[in-house]
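This report describes selected features of one protein model. Please consult the sequence and the structure shown below while reading.

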Amino acid sequence: MKTTFSLKKRHFLSLAVAAVVITGIGAWLLPSFYSPSPTATQIVDEMEAVSGGAHPGFRRNHAKGQCISGHFESNGNAVEISRASLLQRGSVPLIGRLSAAGGDPSQADVHGMIRSMALRLADDDGETWYMAMNSVPVFPVNTPEGLYEQLRASMPEYGGSGPDPQKMQAFKNTHPEIRAFETWLAEHPEASGFDNSTFYSVNAFRMTDAQGHVHFVRWSMVPETPYKPMTTGQSRDPDFLAYGLAKQLEQGPVRWHLIITLADAGDVTTDATLRWPQGRRQIDAGTLVIDSQQSQIEGPCRDVDFNPLELPDGIGPSDDPLLMAREAAYAESHRRRVEEESAH
């Protein structure tokens with residue numbers, strides 16, 4: 001059985017490489033008259049093609065998931081680096097979504113090697129903070145052009161279930177930055193559930209304190225539930241992620257800690273394929289508490305865009321070319337879903 005499971009894992013590796021970039025990247029891209037960058041429409045079209053076509057009414061990636069709700073308990077520790085009201089001591093409600101990579105809402109969970117956590121935090125003053133995080137701390141590529149080329153290389157081979165190996169290898173030869181992503185996947189087996197997965201912002205952001213000082217950061221949601229790798233039995237269960245989370249919530253809320261990592265001088269903040277060295281200062285900013293999950297068809301997360309560039313005062317994007325351009329893709333994907341739903 002271990003051999004069978006290993007083969008399945010390798011079979012879906014190339015698809016996962018494509019899927020992670022789709023998670024929170026989309027088509028952020030500059031107008032075609034300004035640069036040769038692909039447009040939002042082109043990127044989302046390629047996402048659909050990689051997934052075997054559009055699934056009307058569903059997200060173009062991470063199509064299979066469930067809504068979650070709860071609150072964020074800020075301990076106030078992060079006020080030294082950000083004036084954001086949502087990081088001041090106190091509790092704010094949230095809605096969110098947990099999902100697995102892939103554009104087919106009916107796929108088996110084992111196919112979605114990359115997990116995602118999307119959150120919307122909102123306080124009484126109207127401040128909101130959207131997050132879109134992946135279970136891998138790096139992206140495979142570091143430019144919009146690289147993403148488009150990767151999606152093209154990931155197109156299913158005619159008559160096959162995966163991409164053309166020669167096209168994919170040619171892509172990797174011209175994009176050696178993908179090695180960090182592949183190494184992480186090889187060395188970190190998928191967690192056995194959402195509840196014990198760590199989720200990463202991947203891109204760098206800017207936090208501005210009350211005195212106007214800027215701090216470059218990345219953040220992660222680190223679970224209180226101990227990590228366990230996915231089992232062979234789970235790989236045969238098409239819906240083990242939602243079922244496992246439901247079982248955990250029957251026993252009580254599930255918690256993660258918001259860990260903010262500060263960059264040192266000289267750390268690269270514009271390349272999502274590069275991790276910062278170990279030993280950087282970290283701040284535990286509070287606890288994410290999830291106490292219920294709902295169907296994504298009728299739950300509160302259904303119509304939420306989860307655009308990670310919708311940020312409160314005191315938090316802003318870095319100059320990462322992927323991050324700065326994500327908004328267009330989220331808007332395009334959301335527009336298609338809304339039009340499809342209104343047509344029925």
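Two strands are taken to pair if DSSP finds at least two bridges between them. The model is predicted. In the hairpin of β3 and β4, five residues lie between the strands, and glycine 126 there takes a positive phi near 90°.

| Strand pair | Bridges | Direction | Example of facing residues |
|---|---|---|---|
| β2 (residues 90-100) and β3 | seven | antiparallel | arginine 97 and alanine 118 |
| β3 and β4 (residues 128-134) | seven | antiparallel | alanine 122 and threonine 128 |

Strand β3 itself covers residues 115-122; seven of its eight residues are buried, so the rest of the structure largely encloses β3.

The structure holds one disulfide. It is formed by cysteine 67 and cysteine 301, whose sulfur atoms are 2.0 Å apart. The link of cysteine 67 and cysteine 301 is left-handed, with -80° about the S-S bond. Cysteine 67 belongs to strand β1 (residues 64-74), whereas cysteine 301 sits in the loop between β9 (282-295) and β10 (315-317), so the pair ties together parts 234 residues apart in sequence. Cysteine 67 counts as buried because its relative accessibility is 0%, and cysteine 301 is likewise buried at 0%.

Helix α8 (residues 326-342) has 17 residues, which should span 24 Å at 1.5 Å a residue; its end C-alpha atoms are 25 Å apart, in agreement. The buried residues of α8 include Arg326, Tyr330, Arg337 and Glu340. Seen down the axis of α8, its buried residues fall within an arc of 165°, so they line one face of the helix.

Conventions:
Residues numbered from 1 in each chain as written. Predicted model: local features only at pLDDT ≥ 70, side-chain atom pairs only at ≥ 80, totals over all residues. Heavy atoms only, no water. Disulfide = S-S within 2.5 Å. Helix = DSSP H or I, 4+ residues; strand = E, 2+ residues; numbered from the N terminus. Buried < 20%, exposed > 50% of the residue type's maximum accessible area, 1.4 Å probe, protein only. Expected span 1.5 Å × (residues − 1). Arc of directions from axis to C-beta.
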